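Biologist: Could you walk me through how the helices sit together in this one? I'd like the terms spelled out as we go.

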Amino acid sequence: MKKFVLLILSCSIGILASSSIPLGGEESLESVFKRIKEEVDQNSKAYTTLGEACKKIGHRLTGSANGKKAEEFAYQLFKSYGFRDTKYEGFQVEAWARDTVTLSVAPPKSDDFREIKVVSLALTPVEANITGNIVDCGNGLDADFAAKKELVKGKVVLANIGLLNAEAGTRNLHRSEKTALAIQYGAIGVIFVNTVKGEVLLTGTASVTGNLISIPAVCISLESGTELRKWLVEQPGLLSMIEMHNVSQPIKARNVVATLKGESRKLRHEKIVIGGHLDSWDLATGAIDNGIGSFSVIDIARTFKALGLKSKRTIEFVAFMGEEEGLLGSKAYIERAKRTGELDEIVYMINLDMVNNVYGFNAGGRDEMLPILKEIGDKIKSIDAKFGNEIHNSAGLHSDHQVFLMEGIPAADPLGKLTRSVLDCYHANCDSFDLVNKSEMENNVKYTSMLLYALGNAQAIPAKKLDFYSTRDFFIKQNLRRELELGNEWRWGNN
């Protein structure tokens, strides 16, 4: 077994070492990494441009006037950094915007309703006015619904956004998947309980498809949820009334794409996509979700231009819109690639979504990537001792990389860290620029630039595109089948 491992590492070193001399020069990979480190440490604009966007634009909701301003802001940044062929790639979406919502609760057989502070989840109905008894489905997982299957129909489900009092190792579902379960079991509404202390209200899509759902779904704070559950014990059959008004209409949004053309005649038709979603929800500025990712991508592009870095493969830097409403921008990107015949050119995708303070790399469930990522990490560590150099190997969903994975394209996020207090503001009204740590954000730019440069110039990307059935097997191995089924994304029938 040791001989086998050594053979793999030797092959990986050959893949990378042969590419450590960029075209047109004799510079080693380590030398390029040193220059990247110096450039980012001294001249990064990721933090300042994100700060400017948060101050001048605010939230970046897809389809809104602010969303349009954000698209234009990103476009102008790419252009100012020297990407002359920066372009918009437009797509049409169903724009959703919140208007008003109320949640009132009363004892059974009573009209003494008491209002609870609440926020609508996105892609909920334009108009809803329902009254129904509350059924507590705990964490809202498959087993929770199965245990209450005789009680849920015609009722309003109460469920946690996160996991409370769950056994170690329990895997959570996305809020949209919990809503999908509620609809399957016949619920007429959903009340989600946030699991963050401090009266924090959370928004986000309640739809697995990107289309409006059929029932109202709202979120209340942990404190309100705790009080409601106590009342529910004291008053079984507690009534809830949800009234909401929202706005929904077709609009156009735009991904922003900047291209660094490949220099190798042999490899220039291979394409690496590095992206992060530019859009955010409307309760705050979206500095963490996902300003730290999208503005890092833009500054990685700046770093390449500032240093005159070349890549054998073509690199596309993408600021995606519409991620929050259901990966709409990345789906539009892939559909366009299919129409133009460019899909087969994409050999790798790097996604930065709430990635902060990069300390290692994720192989994304593709074992073939482990040796080359380990070697890249070792080279980074040799010139920057602060780099954590950890390697993980797991795939996930619910961000733009999912759309690439569905096509069999290897894709992953770099490994990053956010403190608990910052994570608690995910999709919430406290997601503001003061949460951003400048040096940690610059670590995104620094180490991901090094990763991108190494992969762009490697002799080969070890993980190849999977065919239709191998992609199915990949998702099964990664224990993601159930999530894809709930999201109506499972393409392989009962297989």
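Modeller: Helices (H or I, at least four residues) and strands (E, at least two) are DSSP runs, numbered from the N terminus. This is a predicted model, where local features need pLDDT of at least 70 and side-chain atom pairs count only at pLDDT 80 or more, while totals for chains, interfaces and linings use all residues. Residues are numbered from 1 along each chain as its sequence is written, and side-chain values use heavy atoms, with hydrogens and water left out.

Biologist: Which residues of H9 are buried?

Modeller: H9 covers residues 328-340, so 13 residues, and spans 18 Å from its first C-alpha to its last, close to the 18 Å expected at 1.5 Å a residue. The expected span is 1.5 Å times one less than the number of residues. Its buried residues are Leu328, Gly329, Ser330, Tyr333, Ile334 and Ala337.

Biologist: What covers those buried residues of H9?

Modeller: Contact here means heavy atoms within 4.5 Å. Among the elements covering the buried residues of H9 are strands S1 (87-106), S8 (239-260), S9 (271-277), S10 (314-320) and S11 (346-351), and helix H11 (401-405).

Biologist: Is Ala332 buried, exposed or partly exposed?

Modeller: Ala332 also belongs to H9. Its relative accessible area is 22%, so Ala332 is partly exposed.

Biologist: And which residue takes a positive phi just after H9?

Modeller: The phi there is about 80°, and the residue is Gly341.

Biologist: On to H8 and H13: how are they oriented to each other?

Modeller: Axes are lines fitted to C-alpha atoms, for helices over the stretch in contact, and angles run from 0 to 180 degrees between N-to-C directions. Under 35 degrees counts as roughly parallel, over 145 as roughly antiparallel, 65 to 115 as roughly perpendicular, and the rest as oblique. The axes of H8 (residues 287-307) and H13 (residues 438-457) come within 9 Å and cross at roughly 55°. The pair is therefore oblique.

Biologist: What classes of residue make up the contact of H8 with H13?

Modeller: On the H8 side, the residues include Phe295, Asp299 and Phe304, and they meet a set in H13 that includes Met441, Asn444 and Leu452. Ala, Val, Leu, Ile, Met, Phe, Trp, Tyr, Cys and Pro count as nonpolar, Asp, Glu, Lys and Arg as charged, and the others, Gly among them, as polar. For H8 with H13 that gives eight nonpolar, six polar and one charged residues.

Biologist: How many polar and charged residues are in the contact of H10 with H13?

Modeller: The axes of H10 (residues 370-383) and H13 cross at roughly 130° and come within 10 Å. That makes H10 oblique to H13. Ile372, Leu373, Ile376, Ile380 and Ile383 in H10 meet Tyr447, Met450, Leu451, Ala454 and Leu455 in H13. By class that is ten nonpolar, no polar and no charged residues.

Biologist: Last one: how many charged residues are in the contact of H2 with H10?

Modeller: H2 (residues 29-43) packs against H10 at about 60°, with their axes 9 Å apart. In H2, Leu29, Glu30, Phe33, Lys34 and Lys37 meet Ile376, Lys379, Ile380, Ser382 and Ile383 in H10. The classes there are five nonpolar, one polar and, for the number you asked about, four charged.

Definitions and conventions
Buried < 20%, exposed > 50% of the residue type's maximum accessible area, 1.4 Å probe, protein only.
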